[in-house]
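Here is a short briefing on a predicted model.

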Amino acid sequence: MSAAAAPAAAPPDPLLVRVTGVVKEFATRSASPFRRERLQAVAGVSFGLRRGETLGLVGETGCGKSTLARCIVRLHELTAGELLFDGADLSRATQSELRPFRRRMQMVFQDPYGSLNPRRRVGSIIGDPFAIHDVAAGRERMRLVQVLMDLVGLNPEHYNRFPAEFSGGQRQRIAIARALALRPELVVCDEPVSALDVSIQAQILNLLVDLQRELGLTYLFISHDLAVVRHVSDRVAVMYLGRIVELAPAGLLYASARHPYTAALLAAVPAFEPGARSRRAPLVLAGDPPSPLEALRGCRFHARCPRAQARCRAEEPALESRVGDDPGHLTACHFPLADGEAPGPATGSGA
Amino acid sequence: MTPVAPIRPRGPWRLASERIGRDRAAIAAIATILLAALVAVAAPLFAALTGHGPAEQFIETGLSSNGIPVGPGHEFWLGCDGLGRDVLVRVVYGARISLLVGVLASLLAVVCGAVVGVSAAWYGGTLDALLSRLMDAVLSLPYLLLALALAALVGPSTGISVVVIAFFNWAAVGRVLRGEVLAIREREYVQAARALGAGHARIMFVEILPVVAPTAIVYATLLIPSSIGFEATLSFLGLGVPPPTPSWGNMLADAMAYYKVAWWLLLFPGAALLAITLAFNVLGDSVRDVFDPRFERSVARARGGAA
Amino acid sequence: MPAPAAAGVRLLDVRDLAVSFRTPDGIVEAVRGLSFGLDPGRTLGLVGESGSGKSVATAALVGLAPGAQVTGLALYLGRDLLTLPAEELRAVRGRGVAMIFQSPMTSLHPLYPVGWQIVEMIRAHEPVPTRQARARAIELLGHVGIPRAERRVDDYPHQYSGGMLQRAMIAMAIALRPRILVADEPTTALDVSVQAQILRLLAGLQRELGMAMILITHDLGVAAETADEMLVMYAGRALEQATTPDLFARPSHPYTRALLRSRPRLDAAVARLTPVPGQPPSLIALPAGCPFRPRCAEAVERCAKTPPLVAIGGDEGHDAACWLVGEGTA
């Protein structure tokens with residue numbers, strides 16, 4: 001998707017966010033004080049986020065999805081790569097240069113117990129954006145806060161309460177209200193329902209969908225839960241070890257996954273019918289994902305891939321549309337799966 | 001839009017004070033401390049009541065013919081010391097010094113520790129490395145030796161006592177608060193504030209300080225008794241409050257010459273010192289329990305869907 | 001649920017279990033009137049959301065719920081665990097009932113090698129020499145799928161990944177060949193690909209050792225794949241109990257049905273989810289009657305009285321605690 005870097009001529013860029021070759025490394029503590037190890041959490045990711053769409057980002061622990069999200073809202077500095085928000089280059093912007101953009105992009109965090117300061121009243125927490133950006137104060141701020149509380153389905157009379165007095169689902173509504181206060185264009189949702197009970201998840205998912213329609217929001221929706229991602233997303237990107245390995249419209253990805261990793265992930269999800277897995281010809285991914293610390297050559301998935309061949313160990317596949325696929329269906333694999341093919345050993349030429 | 005009802009729900013601070021109210025040991029400790037404070041404030045009243053000034057010597061009535069101090073009795077309720085001074089009045093005046101030095105030194109230590117510890121953790125990098133080493137250095141000083149040297153150099157005074165005690169205690173507070181802030185700065189609510197565009201000062205004062213405040217309060221409460229003890233030690237060694245101003249420490253020092261014949265010289269200031277330090281320690285323990293996040297969490301969980 | 005033919009004594013027979021805690025804010029009734037049975041080789045899925053009492057119930061059975069008031073009867077091979085002396089109960093834990101927990105990262109002591117902890121556990125229950133216990137630890141680690149177990153045995157917990165730690169916990173749990181394995185959210189902290197591995201491992205070990213298993217989970221999908229029978233809990237009470245195929249074929253309690261409806265599906269796009277309205281209840285001062293009543297779309301006046309768990313018509317062993325199903329409509 002690197003070709004998308006060329007700026008569009010017409011003013012309304014269909015892409016709200018363009019990410020090109022983004023890399024994020026962390027220095028890690030190593031056993032030897034003289035050797036600084038570097039952990040590459042995001043290893044060169046490119047994609048675009050269309051206005052008004054929901055892009056789902058799935059992957060397992062440590063695949064870099066949360067780090068990528070934090071790079072996009074610039075809670076992290078980028079190690080390399082380019083980040084364009086509505087045409088403005090934010091890749092190297094300082095915190096003060098970012099301030100006006102903070103109103104336009106917001107984040108909802110995973111843990112509704114961790115994302116609200118336990119010592120502050122809810123009204124004051126939701127009013128933060130108004131205070132920080134000098135939008136409203138006093139009675140006017142309180143009125144706006146109560147409008148927001150009403151919008152996300154909270155009782156506006158509860159503005160004086162403390163977070164501890166709310167259940168997990170209600171807390172997530174508070175966090176959503178805070179994120180929406182300044183009517184942002186982009187909302188990055190980092191596992192917004194993972195910490196919630198099943199019976200509450202649907203409430204929050206419906207709320208997010210409704211708010212998107214009402215306010216024309218663009219979502220980057222991060223989750224490890226493939227069913228949840230399918231439900232909310234227009235397009236889905238699958239990450240593995242800091243890279244996007246597959247990106248496709250949601251229906252296509254779930255119906256005809258091309259990357260063996262995507263297929264394996266889908267096969268690992270428990271179904272809702274008893275005994276369903278035995279009928280599904282399972283592929284259980286062996287082992288754990290390798291550490292992002294290890295220097296990797298070739299395809300990042302090759303060590304766990306049942307189809308891996310010599311080429312996969314030597315040459316990293318590019319994320320691109322495969323012959324015969326929908327042009328919006330991108331796969332980074334030398335030997336992608338055909339429709340309905342089980343992710344067993346590759347039989348032939350593949351690509 | 002529903003009209004707004006003025007609800008003031010129980011916040012963390014309210015909850016904490018309610019929990020303290022249910023803790024009998026804490027109530028007893030608070031009562032002891034309040035009593036001591038009251039007595040200290042009313043010290044001149046005791047002097048007027050007995051007609052004995054705190055430094056006034058009563059050679060005729062206070063000492064027996066061979067110079068031995070008289071014991072507790074009608075005129076001197078808690079007896080006299082070796083110079084014929086009223087022990088009751090001196091213990092009461094000593095409470096002023098002990099409380100003043102204890103509270104002031106603890107406050108100074110906590111404020112300095114908070115400023116250094118919080119800035120070290122928040123700004124990180126070189127500043128953190130520098131301030132952390134400074135705290136390590138202070139913590140590794142042989143405090144009694146240095147205190148002795150310092151007091152000997154500038155001469156004993158109450159003000160110096162406060163500064164010396166604070167100087168040797170702030171680093172411990174700083175180190176603890178630094179650790180807390182290091183943990184808090186990675187919390188999602190701080191990240192959320194950053195994502196909203198909040199600046200350093202706002203994050204510090206709105207998000208971080210209220211969260212570390214309980215720790216600081218617990219530390220302050222626990223520092224008071226040790227400061228009182230430290231002051232007594234300095235005075236005992238003749239390096240704290242200069243005579244003839246009475247302090248429990250120098251009263252105990254004076255008692256050393258007489259305790260075989262005059263037990264009251266040791267008992268009353270000693271008991272007062274013990275009572276007040278015990279009270280502050282008990283209170284500190286209760287305050288810590290009351291702010292214990294585990295306790296808070298279990299309550300929060302149990303209240304679950306109360307809202 | 002067919003009772004075993006042998007002697008009629010069940011492996012585990014829990015009757016009318018109630019667990020409560022005293023807190024500063026009032027008495028928390030974590031479990032109320034819970035009854036279930038377990039036979040060798042079977043898996044019971046205890047399904048519920050946070051606060052449903054599913055974990056507390058099993059912890060209380062083996063005396064691992066400190067500060068809890070526990071009443072009722074918990075017959076393990078005919079002996080009541082709730083009145084067993086501490087020493088005998090300790091023997092039951094480990095040899096009789098072993099447990100694994102949600103968070104393997106905190107279930108092992110960080111300062112001792114994994115193998116050493118297994119050795120100590122074996123030696124706490126059996127008088128075997130260290131060398132022999134160590135050989136068994138290595139064999140166990142290999143058995144649960146730790147590669148190069150003879151080398152990894154001396155590693156510390158932080159050198160294991162989350163999935164490997166859970167495997168090590170399982171190795172420790174099965175070391176004494178327990179009759180019952182209680183797995184409390186064993187895969188919740190793990191990724192789906194690792195979750196699938198662990199569930200497969202558990203199923204294999206169970207077949208091999210003939211253990212009974214209690215699988216505690218909030219994930220209906222995990223329970224569907226693993227459990228023979230399921231018990232759906234809510235606010236400390238059992239609301240529905242059935243064989244797994246039956247529960248999914250004919251979910252009868254409004255709560256079970258609402259739960260199933262509220263999940264997005266992997267295999268089909270759903271236009272809009274049907275959430276369960278309202279919030280989970282506070283366990284202090286629960287209202288009388290059916291605990292789900294405040295959130296139930298079908299609640300009627302009668303629900304103010306607590307419905308008993310009774311057989312619904314049709315299938316053997318399918319019970320629900322709802323006035324609208326069961327005897328009334330059978």
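Chain C holds an open sheet of four strands, ordered β2-β1-β4-β5, with antiparallel pairing. Two strands pair if DSSP finds at least two bridges between them. Helices (H or I, at least four residues) and strands (E, at least two) are DSSP runs, numbered from the N terminus.

This is a predicted model: local features need pLDDT of at least 70, side-chain atom pairs count only at pLDDT 80 or more, and totals for chains, interfaces and linings use all residues. Residues are numbered from 1 along each chain as its sequence is written, while chains are lettered from A and ligands numbered from 1 in the order in which they are written.

**Chain C sheet and helix**

- β2 (26-38) and β5 (79-80) of chain C are the edge strands, and each pairs on one side only.
- Strands β1 (residues 12-23) and β4 (residues 68-76) of chain C run antiparallel and are joined by eight bridges.
- Opposite C:Ser20 stands C:Gln69, in β4(C).
- Helix α1 (residues 54-61) of chain C lies across β1, β2 and β4 of chain C. This helix runs at about 105° to β1(C).
- Axes are lines fitted to C-alpha atoms, for helices over the stretch in contact, and angles run from 0 to 180 degrees between N-to-C directions.

**Chain A overall**

- Chain A has 12 helices and 12 strands.
- Of the 351 residues in chain A, 53% are buried (20 or more other C-beta atoms within 10 Å of the residue's own, with C-beta atoms placed from the backbone).
- Among contacts in chain A with a separation of 6 or more, 64% join residues 24 or more positions apart. Two residues are in contact if their C-beta atoms, placed from the backbone, lie within 7 Å.

**Chain A sheet**

- Eight strands of chain A form an open sheet with mixed pairing, in the order β6-β7-β8-β3-β9-β10-β12-β11.
- Its edge strands are β6 (105-108) and β11 (320-321) of chain A, each pairing on one side only.
- β3 (residues 54-58) and β9 (residues 235-240) of chain A pair in the parallel sense over four bridges.
- A:Leu57 has A:Ala237 as its bridge partner in β9(A).
- Helix α1 (residues 65-72) of chain A packs on the sheet, touching β3, β7 (186-190), β8 (218-223) and β9 of chain A. The direction of this helix makes about 155° with that of β8(A).

**Contact between chains A and C**

- In chain A, 34 residues are in contact with 38 residues of chain C.
- α6 (168-180), α7 (198-215), α8 (226-232), α9 (250-255) and α10 (260-268) of chain A each supply at least two residues of the side that touches chain C.
- α7(A) gives the most to that side, with six residues.

Key. Buried ≥ 20, exposed ≤ 12 C-beta atoms within 10 Å, placed from the backbone.
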